[in-house]
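Please open the model in your viewer and keep the selection panel at hand. The stops below go from charged pairs to aromatic rings and then to nonpolar groups.

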Amino acid sequence: MKNIINLMLVFFGLALVSAQKHSVEGTVQDFHDKTMLENAVVKIGEFTAKTDKKGKFSFRDIPAGSYQLVAKHPLCDDYTENVKVDRDVHLAITLEHHTNEIQNVTIHGSHKTKGSVIMRTLDKTELERNSTENLGNLLSRIAGVTALKTGNNISKPVIRGLYGSRISILNNGVKMAEQEWGVEHAPNVDVNDFEHIDVVKGASALKYGNEGVGGVVVLEPAILPKKDTIMGSVKLSGISNGIGGELGANVAKVWENQWFVKAGGSYKKTGDQYIPHHTLQNTGMEFNSFNFSFGKHSFLQGFDVSYSGINQEFGIYRGAHLASPEDFYNAVNFGQPFYLDNFTYNIDNPKQEVGHHIAKLSAYRRFADFGKLTFQYSFQLNRRKEYDIRRGELSNIPSMDLRLITHSASLVHLIERSDWSLESGISGSFQDNFPNPATKARRLIPDYYRYDAGAFSVFKYRFNSKLNAEAAVRYDFSRYDAYKYYDADKWNANYADIFPEFFVNESGSRILTRPILDYHNFSANVGLDYKPTQNLEFKLNLSRADRTPNAAELFSDGLHHSAAIMEEGNLNIKKETVYNVNLSLAAHFNVMKGLHFEANPYLMISDNFVNQIPTSVLNTNRGVFPVWTYQQIKARIYGVDADAELSILHNLKWKSGFSILRGDDLSNNEPLILMMPAKLRNSIELNLYKPKNFYISLENENTFKQNRFPIRNLPVTFIKNGVERSEIVDFSSTPASFTLFHASIGADLFKNLNFNFRINNLFNTEYREYLNRLRYYMFEPGRNFVVTLKYNF
C-alpha cells in the first residue's frame, strides 16, 4: 500500500508540473539605433505573435519546457535562440536591421539616406560597359565632372573646375596618396576592381579628410554574399585604337561562417594611338594590376587584410618635346604636327613608369549600447620614373625617380539612434618622399617628410520624415620637413629675407635649405535635406574647408616630363581656404512612364586660391618648354549641373546631363585658367530584358568652346634664314566646340557569357580638348571599336 501511494504521488506531481504554464513577453528592437520594430514575427514552438507599435510581444499560457525561439522582420537576419520556460520570461531581442547596407560608406544610394550631400553614382552596369577606360575618362560621364589630361593616356577627374589634391580618391577605404607631385599624375586604380563609384560634389564629406575641397571619389568593391559559394568572372576585351586588348579575371570564395578570400587582376596593352588620318608616335601604354584579400565579416565583428598593386608604363607623345623655339612656335600657333604615323608597340623615351602598392588592415566591432568601432591601417608605396630623351649612358637612366611612402591609421566610432547618429574619428599619417639623386638631373620635388593628424565629428539629426539635418567639424594639423637646394640668386631674391631660419649652408651657386612648415586647418559643414512630398526634394549644403598646399605647389622646381612643362613652386603659399554653397532640387513628374529631374547650382569662393599659370618659355639643352608657376589669388567659381531621365516606355529611356560654370580670378580681374567648358550629354537606350538582356544605346556628347580664358601668350626668339625673329606663342586660345557620337550594343550570348560592343567617336571626329595639357601638339583619339566578352561563374 505504501508503494502504491508513493507511485500515485509521483504521477500526481508530474501532472502538476506538466500543467504549469507561464508567460513569455519582451521587445524587438534595431541593433543600430534602438528603434522598436513593429510587426516583427516571434515564434516559440508552435506559438506565434507579432510586435505592436512599441515593439512589444506577449505569449500567455506557454507550457513549461524547452523551445526554439525565432524572431523575423523584413530586411533583417533571423534571430534564433533556445529558450527554457520554467517561469515567466522577459526577453529583449535585437535584430540587425541594415544587413543589405554597405556599412562603411554611409553616403551611397543603397543606404538609409544620402543626407544633404550632392552625389552621383556610376553603377556596376556602367562600369562593365566602359571597363577599358581609365578613371578620369569614366567619371566624365557625370554632369559637372570632366578630366584633366596629359596626352590621351593620362587623365584625372575634375569636379566643378577643381582637380589634383583638391579631389580625394578613396580606394576601398584608403585615401590615395599620389597627387603630391603635381597635377600630371593619373590615379593609379583599376576600375575593374569596383562595383560602383560614388562622386561627392563639394567639401561636404569631411569624414574623408579636409583636402577634398572640390569633392570625393569613393571606389567600392562588391559586397560578398553570406553563403557558401565560389564566384568570379573572366573578361577579354579587344581595342581597335592602339590595336590592343585587355584581359581580366577575379575569383572569390565565401564560406557560410562568413570567412572569405578573393583575388583578381588584369593586363592591358595598346600601341601608338590613332587620331583621324594619322598615328601619334610613342603613345602606347602597358598596364597590369593584382589584388588579394581575405577576412571575416560577421555582424558583430570582423576584419580583413588586403593588397593591391598596379604598374603602368605610358609613352609621352614625342611631338610635345620639341628641340627648338621655332618648332615650338610652329606647333602651338599653326598646329604643325611632328612625329606622326609609323605604328609600333614600342614605348620609347620620353615615357613614364608608375608603380603603386596598397596594403590595408581593417577591423570593426559592434557593441549593443556603445556603437561601432572601426580601426584601419594602410601602407602605400608610390614609385614614379620619368625618362627624358637623353644621350649616351644616360639614355636608360630616368630623369626623375620619385618614391613616396605613406603610413596612415584611423579609429572611427559610430553610434546610431532612432532620430540621430554621431560619427567621430581620429587619424594620423606619415609620408616619406625620396627623389633618387642617381638620375643626375635636378630633382623636381625635394626630399621631405610630412606629418598629419586629424579629428572629425559628424552629427545627423532627423526632425521628422520630411526634414533631416547634419553638421560636421574637422581639425587637421600638417607639417612639412623638407631639404631643398635653391639657386643662390633665386633664394636671395625671393626667400632669404622671409625665411632666414631655413638656411643650412651654401655650396657654390646653390643654397641648401630646410623648410619646416606647419599648417592648422579648420573645416566645417552644415547641411539640410527637406522632402515635402515623395516627388520633391531640396538640399542645401554650406561648407568651409582649409587645405594644406601639396609638395608640388610649394617646392616643385624643374622639368615635368609627362606634361612637357617646367614647373616652379612657391614657398610663400599659405593654406587654401574654400567656402562652398551647394543646392539641389530634385523632382519627379508623371510624364510618360516617369520623368526625374535634378538641378545643382553651386558657388565656391576663396581668398587664397592656389593657381598655376604659364609665365615664360625656357630654351634648355633638353628642349623648349613653357614655364608654369604657382601663385595665390582671390577666386570665385559658380555654375550649375543638371540631370534628367525620362522613361518613354518601360524599356526605353532617355538621359541627359548638362553642366556649365564660370571661374574668375578676382585678384587680376580675368578668367581663371583651365576651367571646364559647358557640356551637354544625351543618350537613349532600349532594353529587351527577355530572353537575352539585349540592349542598344546611342550617346551624343557636346562640348562647347570655352570663350573665357586669361591671355597668357608667351614670347620666343629664334633665328630663321639668318635673321633673328621675336614671335608671340598663342598659349591662350581655346579649341573649337565639337560634337561626338558613341554607340553600344550588348546581350547575353549564353547563360553566363555576356557580349558588349562599343564604338567611341563614331564619326571619327577630329577635335582638341581644352583640358588636355598637350592639346597644342596633338588631337584627341579617333574612332575606337571595343568588344568585350565576359564569362561569369
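Begin by selecting Arg 129 and Glu 685, whose side chains meet in a salt bridge at 2.8 Å, N to O; a salt bridge here is a side-chain nitrogen of Lys or Arg within 4 Å of a carboxyl oxygen of Asp or Glu. The pair links distant parts of the chain, with Arg 129 in helix H2 (residues 124-129) and Glu 685 in strand E39 (residues 679-688), 556 residues apart. Helices (H or I, at least four residues) and strands (E, at least two) are DSSP runs, numbered from the N terminus. Arg 129 is partly exposed, with a relative accessible area of 22%, whereas Glu 685 is buried at 18%; buried means under 20% relative accessible area, exposed over 50%, and partly exposed in between, with a 1.4 Å probe and protein chains only.

This is a predicted model, in which local features need pLDDT of at least 70 and side-chain atom pairs count only at pLDDT 80 or more, while totals for chains, interfaces and linings use all residues. Residues are numbered from 1 along each chain as its sequence is written, and side-chain values use heavy atoms, with hydrogens and water left out.

Next, select Arg 166 and Glu 576, a salt bridge in which the closest N and O atoms are 2.7 Å apart. Arg 166 lies in the loop between strand E10 (154-159) and strand E11 (167-171), and Glu 576 lies in strand E34 (residues 576-589), so the pair ties together parts that are 410 residues apart in sequence. Arg 166 counts as buried at 6% relative accessibility, and Glu 576 is buried with a relative accessible area of 1%.

Then move to Glu 670 and Arg 712, whose side chains form a salt bridge at 2.4 Å, N to O. Glu 670 is in strand E38 (residues 670-671) and Arg 712 in the loop between strand E40 (694-703) and E41, 42 residues apart.

Turn now to the aromatic rings, where the count comes to 31 pairs. Rings of Phe, Tyr and Trp (its six-membered ring) pair if their centres lie within 6.5 Å, and planes under 30 degrees apart count as stacked, over 60 as edge-to-face and the rest as tilted. Select Phe 430 and Tyr 451: their ring centres are 5.3 Å apart and their planes are at 45°, so the pair is tilted. Phe 430 sits in strand E25 (residues 420-435) and Tyr 451 in strand E26 (residues 447-462).

Which residues touch the most other members of the largest nonpolar core? Of its 52 residues, they are Phe 328, Ile 637, Leu 674, Phe 731 and Tyr 777; a nonpolar core is a set of buried Ala, Val, Leu, Ile, Met, Phe, Trp, Tyr and Cys residues joined through side-chain atoms within 4.5 Å. The elements that give two or more residues to this core include helix H4 (325-334) and strand E36 (623-649), and E36 provides the largest share, seven residues.

Finally, select Leu 404, Tyr 486, Phe 502 and Tyr 630, which are included in a second, separate core of 28 residues.
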